[in-house]
Amino acid sequence: MKSYDLVVVGAGIVGAACADYASAQGLRVAMVEPGPIGGVATAAAMGHLVAMDDDPAELALAHYSLGLWDEFVDLPQAEFSRCGTLWVASNADEYASIPAKLARLAAVGVVAEQVDAEQLYRLEPALAPGLAGGMRVPNEAVVYPPGVARYLVDRAIARGAAWYPQRAHQLTGSGVRLNDGTKLDGNVLIATGCALPQLLPELPVRGRKGHLVITDRHPGLVHHQLLELGYADSAHGDADSSVAFNVQPRPTGQILIGSSREYGSQTSDISMAMVRRMLARTLQFLPGLSGLDALRIWTGFRPVSVDGLPYLGKVPQHANLWVAAGHEGLGVTTALGSARLVIDQMLGNVPAIDPRPYDPMRVAA
Amino acid sequence: MKPALIRLQINHRTVEVVAGSSVAAAIAAAQSSAVFRRSITGQPRAAFCGMGACFECRVRIDGTGQQRACMVPVREGMQVICDE
């Protein structure tokens, strides 16, 4: 039996951020991860750092986290690119919704601006004609999430954190037992995304499948991360399947094309019907992509909590058990803030933002 | 009967090749040691497999980059940019 201040289960970007911050606070940390670092949802993600204004708690956590990302602007393995986000309005109704969005963003301090149609086409000449305008959020960025997860784990290990390439088999009450029988005692923080219910069935997580397509390098074709303003309808709706225009310029010049959302599919198989639907949506906004080759298509699963907000905090009715999971599509954006929110509470410090909306108590009490 | 000839532009120079040729053949005919593209580290690359598998011969054709020259037949007036 080995004893630690904190055993972090899962080394996706959320678990990696937790181990990094805990070790920086002087805790003796162990990490438990049977697979590659950031090898599941973290590796499948787009890596778009974005604040969505639809839910106040989600916005607060995203904005807090976006500020923390500034630490990694110059980290080579983060591939940080401050391309900004450009939300595209398809019609007058969507265009008219922009001032209210700007007000919600401004209330928490997010810098954003409305752009009319003329400015829109100056910013992104490849967009299809007939769009009404958009909203530009200039400080948002894209990163390479698995590279960041690896860096955070390495930094925790450099501070003395232990690494167990094992599966966490069972919670013991005083810690966790690994697949090879090793017992680790201490506070346990579970950050296993879609796998959360394996250890904590009282905190439901559903996998929401997504497809991504990446092209060859076409530098200069697209400059911002581009999304349709109707994206939130897809992201926050509960339809069995939906697609939305969501295109990202990688720093290499490659174009990363999303997005799809799908419940009910449990396998990682690529659905060409879903890819066709997603690309048809993309070509409505960027017809010039039609001649390009796709190099690769992949899928991933977003870990969705019961109410769309992550579970962050102490798990009720368990001694010394904490959770950071269920971030759906915002796990990369909010990993750094999530880690601080949980670890600060564990240490008895006052968290930087109100932790109550994310308290697992709302579900597992 | 003489085969039909197609005129296209390779790096803004007019080249005349037999109809049905691939763009890769036209580039090689225009200059035997032509650089089709460069790798990320700047190494010169040219058509290798000639059958669409190796992707070494990618060029810009009529404004669209990353096209495999070996897989595209020449067309009259085509604009091809190599090693941009």
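**Entry 1: chain A as a whole**

I looked up the contacts in chain A with a separation of 6 or more, and residues 24 or more positions apart account for 73% of them. The model is a predicted one, and I keep that in mind for every entry below. I then looked at burial in chain A: buried residues make up 51% of its 365 residues. For secondary structure I noted 12 helices and 18 strands in chain A.

**Entry 2: the nonpolar cores**

I asked myself which residues touch the most other members of the largest nonpolar core. They are A:Val8, A:Cys18, A:Ala19, A:Val29, A:Met31 and A:Leu189, in a core of 119 residues.

I picked A:Val8 and listed its contacts, leaving aside its neighbours within four places in sequence. The list for A:Val8 holds A:Gly15, A:Cys18, A:Ala19, A:Val29, A:Met31, A:Val32, A:Leu189 and A:Ala191. Another core, of 19 residues, lies apart from the largest one, and its members include B:Ile27, B:Val59, B:Ile61 and B:Val74.

**Entry 3: helix 7 of chain A**

I checked the length of helix 7 (residues 145-158) of chain A. At 1.5 Å a residue its 14 residues should span 20 Å, and its end C-alpha atoms are 20 Å apart, so the two values agree. Next I looked up which residues of this helix are buried: A:Pro145, A:Pro146, A:Gly147, A:Val148, A:Ala149, A:Leu152, A:Val153 and A:Ala156. What do these buried residues of helix 7 pack against? I found helix 1 (13-24), strand 2 (29-32), helix 2 (41-44) and helix 11 (331-346) of chain A. After helix 7 comes A:Gly160, and its phi is positive, near 110°.

**Entry 4: A:Ala141**

I found A:Ala141 in strand 7 (residues 141-142) of chain A. Is A:Ala141 buried or exposed? A:Ala141 has 24 other C-beta atoms within 10 Å, so it is buried, the cut-off for that being 20 or more. I compared its position with that of A:Phe80, which is 61 residues away along the chain; their C-alpha atoms are separated by 6.9 Å.

**Entry 5: a cis peptide bond**

I looked at the peptide bond from A:Gly258 to A:Ser259 and noted that it is cis, with omega near -5°. A:Ser259 belongs to strand 15 (residues 254-262) of chain A.

**Entry 6: chain B as a whole**

I counted one helix and seven strands in chain B. Along the sequence they follow the pattern β-β-α-β-β-β-β-β. For 84 residues a compact globule would have a radius of gyration near 12 Å, and chain B has 12 Å, which agrees. The box filled by the C-alpha atoms of chain B is roughly 45 × 25 × 20 Å along the principal axes. I noted that 31% of the 84 residues in chain B are buried. Of the contacts in chain B with a separation of 6 or more, 37% are between residues 24 or more positions apart.

**Entry 7: two positive phi values in chain B**

I found B:His12 with a positive phi near 70°, in a residue other than glycine. B:His12 is in the loop between strand 1 (5-10) and strand 2 (13-18) of chain B. With 8 other C-beta atoms within 10 Å, B:His12 is exposed.

B:Phe55 is not a glycine either, and its phi is positive, about 65°. I located B:Phe55 in the loop between strand 4 (44-45) and strand 5 (58-61) of chain B. It has 17 C-beta neighbours inside 10 Å, so B:Phe55 counts as partly exposed.

**Entry 8: confidence**

I ended with the scores. Chain B averages a pLDDT of 94, and 100% of its residues score at least 70. Among the elements of chain B, the lowest mean pLDDT is 93, for strand 6 (residues 64-68), and the highest is 97, for strand 7 (residues 79-81). For the complex the predictor gives an ipTM of 0.74 and a pTM of 0.92.

Conventions:
Residues numbered from 1 in each chain as written. Chains lettered and ligands numbered in written order. Predicted model: local features only at pLDDT ≥ 70, side-chain atom pairs only at ≥ 80, totals over all residues. Core = buried A, V, L, I, M, F, W, Y, C linked by C-beta atoms within 7 Å. Buried ≥ 20, exposed ≤ 12 C-beta atoms within 10 Å, placed from the backbone. Contact = placed C-beta atoms within 7 Å. pLDDT = per-residue confidence, 0-100. Helix = DSSP H or I, 4+ residues; strand = E, 2+ residues; numbered from the N terminus. Expected span 1.5 Å × (residues − 1). Rg over C-alpha atoms; globule rule 2.2 N^0.38 Å.
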